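Okay, thanks for making the time, everyone. Let me put the sequence and the model up, and then I'll walk you through what I looked at.

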Amino acid sequence: LKLNRTVVLAAVRQDGGALQHAAASLQADRSIVLEACRQSGIALEWAAKQFRADREIVLTAVSTFGCALKWASQALQSDRAVVLAAVGSDGDALSMVAEQDPEIVVTAVKASQKAVVFVQMQFLQVACAVLAGQCEQEFSSKGGYEEQRNISTHSTVFALKWPPAVEVQHYFEALELDGSVEAPTLADVRSSYRRLALEHHPDKHPDNSHAATTKFQLIGEAYEAIMQLII
């Protein structure tokens, strides 16, 4: 059946991932690949390699599954229309975008609030402004805004989970993470936390336990704050 074009075409129209079970010759059939990507962008993973540089197919794939961007050619990973389609479909695709800008960041964060963890430092202010607006709109729609209108912007946003950009930057700096070039990954956050927590554990600094405890608590606070943003 995996060699039967009619059967495979019907299958990928129901489930794009079914392309993985097709014969190699049909994985190289452009019409079948395009149909599969229309159903689910994950099909790009199993499509013949040449289609990773096919703009129409990649654009179709990322529009249904943003993280399909990781299978696109390097050139298309830098294609603005492709990137915007990807982050608009799934904000987490921002983790794969090397060259971010305000429009890309806004699009990603609107698609998924969790995308804030992948925002490069220079665009955190933009991202947090979007999140603050979303939180205030949600809060208002639940009837709570009028009661809390005198609360400061900082307190309102923080209470709604999203701290202002300066706070987010502070958390990353505490974990010695630099998002100015490339957004830290979840693995980066965990790895840095473990390393620093071990390095600054008070038991390892009996001669300066007060300073070590302060540093250790700051590292833990930063880690918990970032994990709350992610989760």
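This is a predicted model: local features need pLDDT of at least 70, side-chain atom pairs count only at pLDDT 80 or more; totals for chains, interfaces and linings use all residues.

**Starting at helix α1**

So, let's begin with helix α1, residues 5-14, where Val-8, Leu-9 and Val-12 are buried. By buried I mean under 20% relative accessible area, with exposed being over 50% and partly exposed in between, using a 1.4 Å probe and protein chains only. Helices here are DSSP runs of H or I, at least four residues long, strands are E runs of at least two, and both are numbered from the N terminus. Why do the buried residues of α1 line one face? Looking down the axis of α1, they fall within an arc of 100°, so they line one face of the helix; that arc is taken from the directions from the helix axis to the C-beta atoms.

Residues are numbered from 1 along each chain as its sequence is written, and side-chain values use heavy atoms, leaving out hydrogens and water.

What covers the buried residues of α1? The cover includes α2 (24-27) and α3 (30-39). At the start of α1, there's a side-chain oxygen of Asn-4 that comes to within 3.0 Å of the backbone nitrogen of Thr-6.

Now α3. Buried there are Ile-32, Val-33, Leu-34, Glu-35, Ala-36 and Cys-37, and the buried residues of α3 pack against α1, α2 and α4 (55-64). At the start of α3, Asp-29 has a side-chain oxygen within 3.1 Å of the backbone nitrogen of Ser-31.

Ala-93 is in the loop between α6 (80-89) and α7 (102-111), and it's buried at 0% relative accessibility. Setting aside neighbours within four places in sequence, Ala-93 is in contact (heavy atoms within 4.5 Å) with Gly-66, Cys-67, Leu-69, Ala-86 and Val-87.

On to the core. The largest nonpolar core has 64 residues, and those with the most contacts inside it are Val-12, Leu-19, Leu-44, Leu-94, Val-119 and Leu-175. Helix α12, residues 209-230, gives the most to this core, with six residues. A nonpolar core, by the way, is a set of buried Ala, Val, Leu, Ile, Met, Phe, Trp, Tyr and Cys residues joined through side-chain atoms within 4.5 Å. Not counting residues up to four places away, Leu-175 touches a set including Val-189, Tyr-193, Leu-196 and Ile-219.

Ile-219 is also among the contacts of His-200, together with Phe-216 and His-205. His-200 lies in the loop between α11 (186-199) and α12, and it's buried at 17%.

Finally, the whole chain: 12 helices and zero strands, and of the 231 residues, 44% count as buried.

Key: A polar contact is a pair of N or O atoms within 3.5 Å; within protein, one must be able to donate a hydrogen and the other to accept it, and residues adjacent in sequence count only if both atoms are side-chain atoms.
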